[in-house]
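Subject: A structure to look through

Hi there,

Here is the structure I promised to pass on. Have a look at it first, and then read my notes below.

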Amino acid sequence: MRAVIQRVSEASVTVANKVVSKIDKGLLILVGIENDDDLEDVLWLSGKIVRLRIFGDEKDVMNKSILDINGEAIVVSQFTLHASTKKGNRPSYIKAAKPDIAIPLYERFVKQLEIDLEKKVGTGIFGADMQISLHNDGPVTIIVDTKNKE
(Lines give C-alpha, C1' and ligand atoms only; values in the text may rest on other atoms or scores of the structure.)
Protein backbone atom coordinates (compact mmCIF):
# COMPACT_ATOMS: atom_id res chain seq x y z
CA MET A 1 0.00 0.00 0.00
CA ARG A 2 1.20 3.46 -0.78
CA ALA A 3 -0.11 6.60 0.90
CA VAL A 4 0.33 10.29 0.33
CA ILE A 5 -0.38 11.95 3.67
CA GLN A 6 -1.09 15.66 3.73
CA ARG A 7 -1.40 17.73 6.90
CA VAL A 8 -4.38 19.99 6.34
CA SER A 9 -6.16 22.83 8.07
CA GLU A 10 -9.27 21.73 6.16
CA ALA A 11 -10.20 19.32 3.38
CA SER A 12 -13.27 18.05 1.57
CA VAL A 13 -14.33 15.54 -1.06
CA THR A 14 -17.07 16.40 -3.54
CA VAL A 15 -18.82 13.93 -5.86
CA ALA A 16 -21.41 15.09 -8.42
CA ASN A 17 -21.49 18.57 -6.83
CA LYS A 18 -22.25 17.13 -3.37
CA VAL A 19 -19.78 17.28 -0.47
CA VAL A 20 -19.44 13.69 0.79
CA SER A 21 -16.71 14.32 3.41
CA LYS A 22 -15.33 17.39 5.13
CA ILE A 23 -12.79 17.86 7.92
CA ASP A 24 -10.99 20.61 9.73
CA LYS A 25 -7.47 20.15 11.14
CA GLY A 26 -6.09 16.71 10.41
CA LEU A 27 -4.92 14.50 7.55
CA LEU A 28 -5.99 13.94 3.97
CA ILE A 29 -4.76 10.46 3.08
CA LEU A 30 -4.60 9.31 -0.54
CA VAL A 31 -4.12 5.53 -0.60
CA GLY A 32 -3.18 3.21 -3.45
CA ILE A 33 -3.49 -0.57 -3.16
CA GLU A 34 -1.30 -3.10 -4.98
CA ASN A 35 -2.18 -6.65 -5.98
CA ASP A 36 -0.06 -8.22 -3.25
CA ASP A 37 -1.21 -5.98 -0.38
CA ASP A 38 -2.86 -7.71 2.57
CA LEU A 39 -4.07 -7.21 6.14
CA GLU A 40 -0.51 -6.82 7.41
CA ASP A 41 -0.09 -3.78 5.12
CA VAL A 42 -3.38 -2.33 6.38
CA LEU A 43 -2.38 -2.67 10.03
CA TRP A 44 1.14 -1.33 9.55
CA LEU A 45 0.03 1.68 7.48
CA SER A 46 -2.76 2.70 9.84
CA GLY A 47 -0.47 2.41 12.85
CA LYS A 48 2.27 4.41 11.15
CA ILE A 49 -0.11 7.19 10.13
CA VAL A 50 -1.69 7.69 13.55
CA ARG A 51 1.74 7.84 15.21
CA LEU A 52 3.44 10.18 12.70
CA ARG A 53 4.54 13.27 14.63
CA ILE A 54 3.84 15.93 12.02
CA PHE A 55 1.78 18.45 14.00
CA GLY A 56 3.30 21.36 15.87
CA ASP A 57 3.67 21.44 19.64
CA GLU A 58 3.67 24.54 21.85
CA LYS A 59 7.04 25.58 20.34
CA ASP A 60 5.79 24.84 16.80
CA VAL A 61 8.08 21.81 16.54
CA MET A 62 6.59 18.77 14.78
CA ASN A 63 6.24 16.60 17.89
CA LYS A 64 2.53 15.73 17.93
CA SER A 65 0.55 13.06 16.12
CA ILE A 66 -3.00 13.23 14.85
CA LEU A 67 -3.95 11.38 18.03
CA ASP A 68 -2.28 14.04 20.19
CA ILE A 69 -4.20 16.89 18.54
CA ASN A 70 -7.49 14.95 18.28
CA GLY A 71 -7.39 15.59 14.53
CA GLU A 72 -9.69 14.34 11.82
CA ALA A 73 -8.97 12.29 8.69
CA ILE A 74 -10.27 11.70 5.19
CA VAL A 75 -9.14 8.66 3.17
CA VAL A 76 -9.43 8.68 -0.62
CA SER A 77 -8.61 5.66 -2.78
CA GLN A 78 -6.23 6.58 -5.59
CA PHE A 79 -4.98 3.81 -7.88
CA THR A 80 -2.79 6.28 -9.79
CA LEU A 81 -0.31 6.21 -6.88
CA HIS A 82 0.95 2.96 -8.41
CA ALA A 83 1.51 4.44 -11.87
CA SER A 84 4.66 3.36 -13.65
CA THR A 85 6.13 5.88 -16.08
CA LYS A 86 9.24 3.85 -16.88
CA LYS A 87 8.19 3.04 -20.44
CA GLY A 88 6.77 5.74 -22.72
CA ASN A 89 4.58 8.66 -21.72
CA ARG A 90 1.35 6.88 -20.89
CA PRO A 91 1.41 5.65 -17.28
CA SER A 92 0.85 1.96 -16.68
CA TYR A 93 -1.31 0.95 -13.73
CA ILE A 94 -0.58 -2.77 -13.90
CA LYS A 95 0.60 -2.85 -10.25
CA ALA A 96 -2.63 -1.27 -8.98
CA ALA A 97 -5.08 -3.80 -7.57
CA LYS A 98 -8.36 -4.43 -9.37
CA PRO A 99 -11.55 -3.47 -7.50
CA ASP A 100 -12.23 -7.02 -6.26
CA ILE A 101 -8.96 -6.86 -4.30
CA ALA A 102 -8.74 -3.12 -3.69
CA ILE A 103 -12.23 -2.40 -2.33
CA PRO A 104 -12.13 -4.85 0.61
CA LEU A 105 -8.61 -3.69 1.59
CA TYR A 106 -9.59 -0.02 1.25
CA GLU A 107 -12.66 -0.58 3.45
CA ARG A 108 -10.57 -2.51 5.98
CA PHE A 109 -7.98 0.29 6.04
CA VAL A 110 -10.68 2.90 6.73
CA LYS A 111 -12.12 0.69 9.50
CA GLN A 112 -8.66 0.16 11.04
CA LEU A 113 -7.93 3.89 10.94
CA GLU A 114 -11.24 4.51 12.72
CA ILE A 115 -10.23 1.99 15.39
CA ASP A 116 -6.78 3.53 15.79
CA LEU A 117 -8.12 7.11 15.86
CA GLU A 118 -11.17 6.18 17.93
CA LYS A 119 -13.38 8.28 15.67
CA LYS A 120 -15.17 8.25 12.34
CA VAL A 121 -13.01 8.78 9.26
CA GLY A 122 -14.30 10.57 6.17
CA THR A 123 -13.96 8.94 2.77
CA GLY A 124 -14.41 9.53 -0.89
CA ILE A 125 -16.46 7.17 -3.03
CA PHE A 126 -14.41 4.31 -4.46
CA GLY A 127 -14.13 4.60 -8.25
CA ALA A 128 -16.04 7.88 -8.48
CA ASP A 129 -14.83 11.05 -10.16
CA MET A 130 -14.00 13.12 -7.07
CA GLN A 131 -13.03 16.71 -6.52
CA ILE A 132 -10.63 17.08 -3.61
CA SER A 133 -10.24 20.44 -1.93
CA LEU A 134 -7.61 21.05 0.72
CA HIS A 135 -5.54 23.64 2.48
CA ASN A 136 -2.20 21.91 2.96
CA ASP A 137 -0.84 23.12 6.29
CA GLY A 138 2.88 23.79 6.18
CA PRO A 139 2.98 22.44 3.52
CA VAL A 140 3.54 19.00 4.99
CA THR A 141 3.22 16.06 2.60
CA ILE A 142 4.67 12.62 3.34
CA ILE A 143 4.75 9.51 1.19
CA VAL A 144 4.70 6.12 2.92
CA ASP A 145 4.91 2.73 1.24
CA THR A 146 4.34 -0.52 3.13
CA LYS A 147 6.78 -2.32 0.82
CA ASN A 148 9.64 0.00 1.87
CA LYS A 149 8.64 0.73 5.49
CA GLU A 150 10.99 3.73 5.59
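Why is strand β6 (residues 72–77) largely enclosed by the rest of the structure? Keep in mind that this is a predicted model. To count as buried, a residue needs a relative accessible area under 20%. Five of the six residues of β6 pass that test, so the strand is largely enclosed by the rest of the structure.

Now for the strands that β6 pairs with. Strand β3 (residues 26–32) runs parallel to β6, and six bridges join them. If you want a spot to start from, find G26, whose bridge partner in β6 is E72. β6 also pairs with strand β7 (residues 122–123), again in the parallel sense, over two bridges. There you'll see V75 standing opposite T123 of β7. To get from β6 to β7, the chain passes through helix α2 (residues 99–117), and this β-α-β crossover is right-handed.

While you're at α2, look at how it packs with helix α1 (residues 39–51): the angle is about 40 degrees and the axes are 9 Å apart. Angles under 35 degrees would count as roughly parallel, and 65 to 115 as roughly perpendicular. The two helices are therefore oblique to each other. Their crossing is right-handed. Which residues meet there? On the α1 side they include L39, V42, L43 and I49, and on the α2 side they include L105, F109, L113 and L117.

Most residues other than glycine have a negative phi, and most peptide bonds are trans. Here are some exceptions to look up:

- N17 has a phi near 65 degrees, a positive value in a residue other than glycine. You'll find N17 in the loop between β1 (2–15) and β2 (18–23), and it is exposed, with a relative accessible area of 81%.
- D60 isn't a glycine either, yet its phi is positive, about 60 degrees. D60 sits in the loop between β4 (55–56) and β5 (62–64). Is D60 buried or exposed? With a relative accessible area of 67%, D60 is exposed.
- The peptide bond from G138 to P139 is cis, with omega near 0 degrees. P139 isn't in a loop: look for it in strand β8 (residues 130–145).

Cheers

Conventions. Residues are numbered from 1 along each chain as its sequence is written. This is a predicted model: local features need pLDDT of at least 70, side-chain atom pairs count only at pLDDT 80 or more; totals for chains, interfaces and linings use all residues. Side-chain values use heavy atoms; hydrogens and water are left out. Helices (H or I, at least four residues) and strands (E, at least two) are DSSP runs, numbered from the N terminus. Buried means under 20% relative accessible area, exposed over 50%, partly exposed in between (1.4 Å probe, protein chains only). Two strands pair if DSSP finds at least two bridges between them. A crossover is right-handed if, with the strands pointing away from the viewer, the path from the first strand over the helix to the second runs clockwise. Axes are lines fitted to C-alpha atoms, for helices over the stretch in contact, and angles run from 0 to 180 degrees between N-to-C directions. Angles under 35 degrees count as roughly parallel, over 145 as roughly antiparallel, 65 to 115 as roughly perpendicular and the rest as oblique. A crossing is left-handed if the near helix is turned anticlockwise from the far one by less than a right angle, and right-handed if clockwise. Contact means heavy atoms within 4.5 Å.
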